[in-house]
Amino acid sequence: MTRSADLLSEGRPLLLDLVDLVDRAEARDAAAAWTGRINTIASRTDRVDADSLLIRFDGCAA
């Protein structure tokens, strides 16, 4: 298990792709334009009812 604080330690926003399915790559495709400015991580959870989360470097989620 990795903590979100560890993933945000570089000071860049983090896109958590919570779908992790090949046919649902919209979030990864959108983030590709931001390569080098945003980190993208594929993950799974049953705690959030969302396909993806964008987390700012200060920890606020959108």
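Strand pairing, burial and a pocket

Me: What makes β1 and β3 count as paired, and in which sense do they pair?
Reply: In this predicted model, β1 and β3 are joined in the antiparallel sense over 4 bridges, and because at least two bridges between two strands are needed, they count as paired. Across this pairing, Leu 14 has Ile 55 in β3 as its bridge partner.

Me: How do you know that β1 also pairs with β2, and in which sense?
Reply: The cut-off is again at least two bridges, and 4 bridges link β1 to β2 (residues 39-42) in the parallel sense, so this too is a pair.

Me: Why is β1 described as covered on both faces?
Reply: In a regular strand, side chains alternate between the two faces of the sheet. Leu 14 and Leu 16 lie on one side of β1, with Leu 15 and Asp 17 on the other, and since all four are buried, which means under 20% relative accessible area, both faces count as covered. Across the 62 residues of the protein, 21% are buried by this cut-off.

Me: What makes a residue part of the lining of the largest pocket, and which are closest to its centre?
Reply: A lining residue has an atom within 4 Å of a pocket point, and the largest pocket, which holds about 460 Å³ of space, has 16 such residues, with Thr 2, Leu 16, Ser 43, Arg 44 and Thr 45 closest to its centre. The elements α1 (4-7), β1 (14-17) and β3 (52-55) each supply at least two residues of this lining, which divides into 9 nonpolar, 4 polar and 3 charged residues.

Notes:
Residues numbered from 1 in each chain as written. Predicted model: local features only at pLDDT ≥ 70, side-chain atom pairs only at ≥ 80, totals over all residues. Heavy atoms only, no water. 1 Å grid on protein atoms, 1.4 Å probe; cavity = no way out; pocket = protein on both sides within 12 Å on 5 of 7 lines; lining within 4 Å. Points joined across faces, edges and corners; volume = space filled by probe spheres on them. Nonpolar A, V, L, I, M, F, W, Y, C, P; charged D, E, K, R; others polar. Buried < 20%, exposed > 50% of the residue type's maximum accessible area, 1.4 Å probe, protein only.
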